[in-house]
Amino acid sequence: MNLPQTDTSLFKRLRFVLVETSHPGNIGAVARAMKTMGFAELILVNPRFPDALSNADAVAFASGAQDILQSARIVGSIDEALAGCHFVAAVSARLREFSPPIFAPRGIAENLAQEQTQAVALVFGNERYGLPNEIVVNCNALINIPANPDYSSLNLAQAVQLLAYECRMAALGDRRPASDIGFQGEAASLSDIDRMYAHLEQALVAIDFLDPQNPKKLMPRLKRLFSRTGLEQEEVNILRGIAKKILDLNSKK
Ligand code: SAH
């Protein structure tokens with residue numbers, strides 16, 4: 001396969017294009033949505049306010065994503081915004097009789113990340129009237145967020161956030177974080193876990209909870225319970241501390 005000279009990562013190839021956006025606050029919020037997901041290229045086609053990128057609301061809503069606003073471009077036509085793009089998807093709350101093939105965000109994100117190697121764009125419409133048909137019919141795909149049919153129109157920046165998130169997940173591919181995100185301590189070693197079971201067993205025998213002559217399935221069941229948890233070293237230490245305390249108290253009786 002012939003890869004182009006440019007960076008093929010979707011983070012570098014994907015352009016977010018906003019058409020005729022009315023509220024500068026939304027533009028700032030879009031910048032923030034993009035940056036949180038690792039995207040950087042923002043182009044505005046004829047925003048309602050020519051100073052949209054420096055407007056106080058835009059700056060406030062962008063929060064820590066000022067750099068996205070500073071490097072964003074304002075252009076006078078959709079053709080200018082899409083120059084050099086090889087695949088363009090219109091993002092629209094409305095389905096139309098004549099439209100390019102329709103995708104949900106996850107499907108298009110996989111497609112953009114895997115099958116494309118060149119510049120691609122997502123085009124978003126105005127807050128009140130969406131995207132004009134003339135733009136939609138010229139796109140390669142129409143993306144619809146399958147929202148509540150009774151109220152399916154998302155805020156512009158929230159629609160951008162959702163698309164940017166799906167594109168990030170698709171772009172990360174195998175590097176995407178596991179579902180068990182969050183604090184994770186060091187995993188306990190098998191030998192430490194074995195010693196913890198022995199300690200626990202001793203304590204349970206000491207308090208007559210476990211009868212060594214008739215142990216039934218108590219230890220195998222406890223092992224099964226703990227094996228589902230992904231024990232960390234710190235947790236093994238706590239359980240051993242409990243076992244130790246039980247044994248200490250019991251020996252004083
Ligand atoms: N009333 C407008 C809604 C505009 S919301 C309309 O009928 O299109 C502003 C922009 O956010 C839309 O142009 C689109 O780009 C995006 N958006 C909002 N909700 C969406 C949805 N359910 N699916 C896809 N895009 C959506």
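Trainee: Before we start, what pLDDT do local features need here?

Mentor: This is a predicted model, with side-chain atom pairs counted only at pLDDT 80 or more, totals for chains, interfaces and linings using all residues, and local features needing pLDDT of at least 70. Residues are numbered from 1 along each chain as its sequence is written, and side-chain values use heavy atoms, with hydrogens and water left out. So the value for local features, by that definition, is a pLDDT of at least 70.

Trainee: Let's do rings. Are F16 and F124 stacked or edge-to-face?

Mentor: Rings of Phe, Tyr and Trp (its six-membered ring) pair if their centres lie within 6.5 Å; planes under 30 degrees apart count as stacked, over 60 as edge-to-face and the rest as tilted. The structure holds three aromatic pairs. For F16 and F124, the centres are 6.2 Å apart and the planes are at 10 degrees, so the pair is stacked.

Trainee: How many residues apart in sequence are the parts that this pair ties together?

Mentor: Strands here are DSSP runs (E, at least two residues) and helices likewise (H or I, at least four), numbered from the N terminus. F16 sits in strand β1 (residues 14–19) and F124 in strand β6 (residues 120–124), so the parts tied together are 108 residues apart.

Trainee: Are F16 and F124 buried or exposed, and which residues do ring pairs link into a cluster?

Mentor: Buried means under 20% relative accessible area, exposed over 50%, and partly exposed in between (1.4 Å probe, protein chains only). On that scale F16 and F124 are both buried. The cluster linked by ring pairs is F11, F16, F39 and F124.

Trainee: By class, which residues does the contact of α9 with α11 have?

Mentor: Contact means heavy atoms within 4.5 Å, and among the residues making this one are I193, M196 and L200 of α9 and V236, L239 and L247 of α11. Ala, Val, Leu, Ile, Met, Phe, Trp, Tyr, Cys and Pro count as nonpolar, Asp, Glu, Lys and Arg as charged, and the others, Gly among them, as polar. The tally is 10 nonpolar, four polar and four charged residues.

Trainee: And how do α9 and α10 sit relative to each other?

Mentor: α9 and α10 (218–227) pack at an angle of about 135 degrees, with their axes 11 Å apart. The two helices are therefore oblique to each other.

Trainee: By class, how do the residues of that contact of α9 with α10 divide?

Mentor: α9 brings Y197, L200, E201 and L204, while α10 brings L218, M219, L222, K223, F226 and S227. They divide into seven nonpolar, one polar and two charged.

Trainee: Backbone next. What is the phi of D208?

Mentor: Most residues other than glycine have a negative phi. D208 lies in the loop between α9 and α10 and is exposed, with a relative accessible area of 69%. Although D208 is not a glycine, its phi is positive, at about 60 degrees.

Trainee: What about the phi of N46?

Mentor: N46 is found in the loop between β2 (41–45) and α3 (56–62), and is partly exposed at 37% relative accessible area. N46 is not a glycine either, yet has a positive phi of about 40 degrees.

Trainee: Is T21 buried or exposed?

Mentor: T21 is found in the loop between β1 and α2 (24–36). Residues that T21 touches, not counting those up to four places away in sequence, include N46, P47, N126 and L156. At 1% relative accessibility, T21 counts as buried.

Trainee: Last one: which residues does G28 touch?

Mentor: G28 is found in helix α2 and counts as buried, at 0% relative accessibility. Not counting residues up to four places away in sequence, G28 touches A58, F61, A62 and L69.

Notes: Axes are lines fitted to C-alpha atoms, for helices over the stretch in contact, and angles run from 0 to 180 degrees between N-to-C directions. Angles under 35 degrees count as roughly parallel, over 145 as roughly antiparallel, 65 to 115 as roughly perpendicular and the rest as oblique.
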